[in-house]
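Reader: I would like to go through the labels attached to this structure and ask what each of them rests on.

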Amino acid sequence: MSVDKKGWNEVYIQHLKENIRDVKDFPKPGILFKDITPLLKNPDTLHITSRLLAKPFMNKNAELIVGLESRGFLFGPTIAMRLHAGFVPIRKPNKLPAKTVSATYQLEYGEDKVEIHADSIIEGSRVIIHDDLIATGGTAAAATELVEKLGGEVVGYSFLIELKALEGRKKLKQDVECFSLMTF
Ligand code: AMP
């Protein structure tokens, strides 16, 4: 079989998509939850995902990967190691032990808040924001606000999964590369 590089990527991505499990009505009615645990437990899909997530950012000279709680902590550090960058967590309120900076963002009903350690980004650092999934884009937009509050420069967005119909990427910086490995 002759398959060029693009061809193999498509084969890989199709295989990865088959390892995402849809769970209806989780965590609440009306949500179709994209469960990545089947992809994590399979050594091949785990390895391919880690490699394909890092690939688009090889030449971005990123110094930090900022990962979003909690599933952004799974591949954030593997991307960081492949890019020889550091990893910084953004967490839900009152989880980080030292001094924090916070940002609030709107949910369908009400609002939510995320925090980052105030000393986690050196001014001028080149940062990639990573999460498992982008839906409405509110979480990644709040992460952008935190990185910029600390003087970091967002040079990329990275997601395993993008829910295209929700157009979350419109909330992100338009001049920055936004990569999603799988779209649904
Ligand atoms: P949003 O801020 O709307 O882009 O939501 C993204 C965050 O919510 C990510 O941290 C995801 O892990 C989580 N999330 C939202 N929708 C889903 C979904 N359908 N399946 C799994 N996780 C989701």
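Reader: Which residue is the bridge partner of phenylalanine 159 in S9?

Author: In this predicted model, the partner of phenylalanine 159 in S9 is serine 180.

Reader: Why is the aromatic pair of phenylalanine 57 and phenylalanine 179 called edge-to-face?

Author: Ring centres must lie within 6.5 Å, and planes over 60 degrees apart count as edge-to-face; for phenylalanine 57 and phenylalanine 179 the values are 6.4 Å centre to centre and 85° between the planes, so both conditions hold. Because phenylalanine 57 lies in the loop between helix H3 (43-54) and strand S3 (64-68), and phenylalanine 179 in strand S9, the pair ties together parts that are 122 residues apart in sequence.

Reader: How do you know whether phenylalanine 57 is buried or exposed?

Author: Its relative accessible area is 1%, and buried means under 20%, so phenylalanine 57 counts as buried.

Reader: What makes the charged end of lysine 34 one that sits over the ring of phenylalanine 184?

Author: The distance limit is within 6 Å of the ring centre, together with a position within 35 degrees of the ring normal; the charged end of lysine 34 is 4.0 Å from the centre of the phenylalanine 184 ring and sits over that ring.

Methods:
Residues numbered from 1 in each chain as written. Predicted model: local features only at pLDDT ≥ 70, side-chain atom pairs only at ≥ 80, totals over all residues. Heavy atoms only, no water. Pairing = 2+ DSSP bridges. Helix = DSSP H or I, 4+ residues; strand = E, 2+ residues; numbered from the N terminus. Phe/Tyr/Trp six-rings, centres within 6.5 Å; stacked < 30°, edge-to-face > 60°. Buried < 20%, exposed > 50% of the residue type's maximum accessible area, 1.4 Å probe, protein only.
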